[in-house]
Amino acid sequence: MRKQAHFKKNSLTWLISLAVMVVLSAAVIVGCVVLDYIQNGKYRNPVEISFTIADTKEIDISSTNAGDYNVTEVKEAYDASGKVVAYVVTGTAIGYNTEVPIEIESTISADGTILASIDVLQQEETEYLGVRIKEDAFKNQFAARLLPVVPLKSDETGSPIDLISGSTISSNAVLEAVNNAQAFVAENYAPADTAAQ
């Protein structure tokens, strides 16, 4: 006599529970990816720079809070029609060499939201490692990026910058100087409706 397989009610309950857990897990994962893209997607790629600088002029920052942001010099940048389109901000940050600050020049849009470019004006970081902050491969990551800038492997919101392996202290100092320059422009020069964004 053959035995027939018996259907167990508990098996069906278990299968339904498993299916519900799989669907819910997939929904949570997809939701997280979508939310991350909504919040951070605009920072992933360079943006279009809608201005061209024809001339610059140094401005007096003695009555501002420049010292709070380690800003040492600011130039207004004008387009061909004479309109202020950006600020060229020189600031410092301490890297691996605590004796000599890194000096960074950041060109930031007049509304304080876009970093057009950076230049490393002075640095005396470690040979073969820290000095690589002056190389185009590192500096070009900052071109045409929404501010703020953040380390690539960070949970912070901002444009991701790949730090130099073995030289994170020097790399982070550059990020600090750029973000300080942006905060200074946003607080002192950018229109109120854009500075808060």
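**Entry 1: Burial and overall layout**

I looked up burial first: of the 197 residues in the protein chain, 38% are buried. I note that the model is a predicted one.

I went through the secondary structure next. The protein chain has four helices and eight strands. Along the sequence I read the pattern α-β-β-β-β-β-α-β-β-β-α-α. For the contacts with a separation of 6 or more, I recorded that 53% join residues 24 or more positions apart.

**Entry 2: The nonpolar cores**

I asked how many residues the largest nonpolar core has. The core has 31 residues, and Phe142 and Val178 are those with the most contacts inside it. I listed the elements that each supply at least two residues of this core: β2 (71–78), β3 (84–93), β4 (102–109), β5 and α3 (168–188). The largest share, eight residues, comes from α3.

I also found a second, separate core of six residues, which includes Phe51, Val85, Val88 and Ala116.

**Entry 3: Phe142 and its surroundings**

I returned to Phe142 and looked up its accessibility. Phe142 counts as buried because its relative accessibility is 0%, and the limit for buried is under 20%. Leaving aside residues up to four places away in sequence, I listed what Phe142 touches: Leu115, Ala116, Ile118, Val149, Ile161, Val174, Leu175 and Val178. Ala116 in this list is also a member of the second core, and Val178 is the other residue named for the most contacts in the largest core.

**Entry 4: Ser171**

Is Ser171 buried or exposed? With a relative accessible area of 0%, Ser171 is buried.

**Entry 5: Aromatic pairs**

I counted four aromatic pairs in the structure. Phe138 and Phe142 form one of them, with 5.3 Å from centre to centre and 75 degrees between the planes, an edge-to-face arrangement. Phe138 has 3% relative accessibility and counts as buried.

Why is the pair of Phe184 and Tyr189 edge-to-face? The ring centres of Phe184 and Tyr189 lie 5.7 Å apart, and the pair is edge-to-face because the planes stand at 75 degrees, where the class requires over 60. I compared the burial of the two partners: Phe184 is buried at a relative accessible area of 0%, whereas Tyr189 is partly exposed at 22%. I noted finally that ring pairs link Tyr69, Tyr87, Phe184 and Tyr189 into a cluster.

**Entry 6: Salt bridges**

I turned to charged side chains. Side chains of opposite charge can pair when their charged atoms come close. How many salt bridges does the count come to? The count comes to two salt bridges.

In one of them, the side chains of Lys139 and Asp119 meet at 3.1 Å, N to O. Lys139 lies in helix α2 (residues 136–139) and Asp119 in strand β5 (residues 114–122), so this pair ties together parts that are 20 residues apart in sequence. Lys139 has 15% relative accessibility and counts as buried, while Asp119 has 30% and counts as partly exposed.

In the other, the side chains of Glu73 and Lys75 meet at 4.0 Å, N to O. Glu73 counts as partly exposed at 23% relative accessibility, and Lys75 counts as partly exposed at 24%.

**Entry 7: A nonpolar patch on the surface**

I closed with the surface. Which residues form a nonpolar patch there? The patch is formed by Trp14, Leu15, Leu18, Met21 and Val22, which together have about 530 Å² of accessible area. I looked up Leu18 in particular and found it in helix α1 (residues 9–40). Leu18 has 34% relative accessibility and counts as partly exposed.

Conventions: Residues numbered from 1 in each chain as written. Predicted model: local features only at pLDDT ≥ 70, side-chain atom pairs only at ≥ 80, totals over all residues. Heavy atoms only, no water. Buried < 20%, exposed > 50% of the residue type's maximum accessible area, 1.4 Å probe, protein only. Patch = residues over 30% accessible without salt bridge, like charges linked within 9 Å, V, L, I, M, F, W, Y side chains within 5 Å. Areas by Shrake-Rupley, 256 points an atom, 1.4 Å probe, with all protein chains shown as cover. Core = buried A, V, L, I, M, F, W, Y, C linked by side-chain atoms within 4.5 Å. Contact = heavy atoms within 4.5 Å. Phe/Tyr/Trp six-rings, centres within 6.5 Å; stacked < 30°, edge-to-face > 60°.
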